[in-house]
Amino acid sequence: MLFQVLAETSAMHRPKSRNGKGSAGQKTAGHRQGYSPSHHYSEKVWQMAAKVIHGPEVAEQIRQELRVKIAQLKERGTVPGLAVVLAGEDPASQQYVRNKVKACQELGLHSRTVLLPDDASEADVLNAVDELNSDPAIHGFLVQLPLPKHIDENKVIMRIDPSKDADGF
């Protein structure tokens, strides 16, 4: 069973350095010669609130919320579209993309996968990005990383229209 622990730490509970600036153990502009950060740790206790969640239950709740929003969009004539560009033959990347396509099908989204060979040129990948940027049926997309070594990932990522960047780069 998968559990995820989320820890929320409030900045007001973090110990300050002796001069009141920064976190304990960090030198700040007013750091004094001879001050030992470990001395300060013994004076303060870090306080942390934790919440245990059950991952599959939270995931299902999110999917239910998405189904409602997707239905509302469809009622207005918009079928949300998600696309993925996959260049190369990385098995982990292929599995990730298969999972995205399956999730789109389960939610009723339009999905599109652009498969490019491992020897695809940088221009081929950039052309795929340009095509998805201009496709009105695609509302978001991602370029699956890693790309083949001969392709500049940063150049490709920077080419994605920010309003369609599903990864949020």
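I began with the pairing of strand 3 and strand 5, which is parallel and covers 4 bridges. Two strands count as paired if DSSP finds at least two bridges between them. Helices (H or I, at least four residues) and strands (E, at least two) are DSSP runs, numbered from the N terminus. In this pair, Val 85 has Val 143 of strand 5 as its bridge partner.

I then checked strand 4, which runs parallel to strand 3 and is joined to it by 7 bridges. There, Val 85 stands opposite Val 114.

A note on what I am reading: this is a predicted model, in which local features need pLDDT of at least 70 and side-chain atom pairs count only at pLDDT 80 or more, while totals for chains, interfaces and linings use all residues. Residues are numbered from 1 along each chain as its sequence is written, and side-chain values use heavy atoms, with hydrogens and water left out.

Next I looked up the confidence (pLDDT, the predictor's confidence in each residue, from 0 to 100). The mean over the protein chain is 81, and 73% of its residues reach 70 or more. Over residues 1-32 the pLDDT is below 50, and this stretch has 55 contacts in the model beyond near neighbours in sequence. Contact means heavy atoms within 4.5 Å.

For the overall layout, I found 5 helices and 5 strands in the protein chain. From the N terminus on, the order is β-α-β-α-β-α-β-α-β-α. Strand 3, helix 3 (residues 91-107) and strand 4 form a right-handed β-α-β unit. Right-handed here means that, with the strands pointing away from the viewer, the path from the first strand over the helix to the second runs clockwise.

Which residues of strand 5 point one way, and which the other? Gly 140 and Leu 142 go one way, Phe 141 and Val 143 the other, and all are buried. Buried means under 20% relative accessible area, exposed over 50%, and partly exposed in between (1.4 Å probe, protein chains only). Of the 169 residues of the protein chain, 26% count as buried.

Then I turned to helix 4. Its buried residues are Val 125, Leu 126, Ala 128, Val 129, Leu 132 and Asn 133. Seen down the axis, they fall within an arc of 155°, so they line one face of helix 4. The arc is that of the directions from the helix axis to the C-beta atoms. Among what covers these residues I noted strand 3 (81-87), strand 4 (110-116), strand 5 (140-143) and helix 5 (153-159).

In the loop between helix 4 and strand 5 I stopped at Asp 135. Is Asp 135 buried or exposed? It is buried, because its relative accessible area is 18%. Leaving aside residues up to four places away in sequence, Asp 135 touches Arg 112 and Lys 164.

I also looked up Ala 103, in helix 3. Ala 103 counts as partly exposed, at 31% relative accessibility. Ala 103 and Arg 63 are 40 residues apart in sequence, yet their C-alpha atoms are 9.3 Å apart in space.

Last came helix 2 (residues 55-75): at 1.5 Å a residue, its 21 residues should span 30 Å, and its end C-alpha atoms are 30 Å apart, which agrees. The expected span is 1.5 Å times one less than the number of residues. After helix 2 comes Gly 77, with a positive phi near 90°.
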